[in-house]
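Try each task before you read its solution.

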Amino acid sequence: DCHFLLHDLGFNIAQRSSLEESFMKCGKNPACTFGCQHGLAIGHITKNKGKLSKEEFKRFSIKYQINSNPSVHNFYHGFGHGFFSIYDNVSEALKMCNLLYSYTGDIRSANLCAVGGAHEKFFIENAINFKNFSVP
C-alpha cells in the first residue's frame with residue numbers, strides 16, 4: 001500500500017541526507033499516513049547503526065517543535081519502528097527511545113517513539129499470527 005511505498009522513499013532519502021535535510025524533503029505532507037516520515041526515521045537508524053547524534057537531534061527539535069507539526073510526531077513514532085526492528089531486546093529499544101528525551105528535552109519524543117516501537121514489535125511482526133488467533 002502507499003504507506004509502505006513512502007516508507008521506502010523516506011528510507012532512501014535518509015541514506016543520502018542529514019536528519020534535517022531529509023525531513024525537509026518529505027515535508028509536512030501527511031500522505032499515506034506519514035509513511036515518508038516513518039521511513040526517514042528507520043533509514044537514519046539503520047544508516048547510523050542505531051546510534052543517534054545528540055547535536056543533530058537538538059538542532060532538529062529546536063527547529064521543529066512537537067506541538068506545531070504532526071509530521072514531527074510521526075517522525076519520532078517512526079524512530080520507535082526503527083529501534084524495535086533493529087534491537088531484539090525490548091528494554092534496549094526503549095532505552096533508545098528514552099535517549100530521544102535526553103536529546104530533545106521533550107518527553108513526548110520518547111512517548112511517541114515507544115508507541116511506534118510497540119506497534120512494530122507487537123502488531124506488525126505478529127500480524128501473521130492473528131489469522132490463527134482463536135478465542136476460547
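**Exercise 1: Placing Q37**

Q37 belongs to helix α3, which spans residues 31-47 (helices are DSSP runs of H or I with at least four residues, numbered from the N terminus). Before going on, note that this is a predicted model, in which local features need pLDDT of at least 70 and side-chain atom pairs count only at pLDDT 80 or more, while totals for chains, interfaces and linings use all residues. Residues are numbered from 1 along each chain as its sequence is written, and side-chain values use heavy atoms, with hydrogens and water left out.

Task: decide whether Q37 is buried or exposed, and find what it touches.

Solution. 
- Step 1. Take the relative accessible area of Q37, which is 0%.
- Step 2. Apply the cut-offs: buried means under 20% relative accessible area, exposed over 50%, and partly exposed in between, with a 1.4 Å probe and protein chains only. Q37 is therefore buried.
- Step 3. List the contacts (heavy atoms within 4.5 Å). Beyond its neighbours within four places in sequence, Q37 meets F23, C26, G27, K28, N29, S71, N74 and F75.

**Exercise 2: The surroundings of C26**

Task: locate C26 and describe its surroundings.

Solution. 
- Step 1. C26 sits in helix α2, residues 19-26.
- Step 2. Its relative accessible area is 11%, so C26 counts as buried.
- Step 3. Setting aside residues up to four places away in sequence, C26 contacts G10, I13, C36, Q37 and L40.
- Step 4. Look at G10 in that list: its C-alpha atom is 6.9 Å from that of C26, although the two are 16 residues apart along the chain.

**Exercise 3: Counting the disulfides**

Task: how many disulfides are there, and which cysteines do they join?

Solution. 
- Step 1. Use the rule that a disulfide is a pair of cysteine sulfur atoms within 2.5 Å.
- Step 2. One pairs C26 with C36, with 1.6 Å between the sulfur atoms. This pair connects distant parts of the chain, from C26 in helix α2 to C36 in helix α3, ten residues apart.
- Step 3. C97 and C113 are also joined, S to S 2.0 Å. That link runs between distant parts of the chain too: C97 is in helix α6 (residues 90-104) and C113 in helix α7 (residues 107-124), 16 residues apart.

**Exercise 4: Handedness**

Task: why is each disulfide called left-handed?

Solution. 
- Step 1. For C26 and C36, the torsion about the S-S bond is about -70°, so this disulfide is left-handed.
- Step 2. For C97 and C113, the torsion is about -65°, so this disulfide is left-handed.
- Step 3. Finish with burial: C26 and C36 are buried, and C97 and C113 are both buried.

Methods:
Helices (H or I, at least four residues) and strands (E, at least two) are DSSP runs, numbered from the N terminus.
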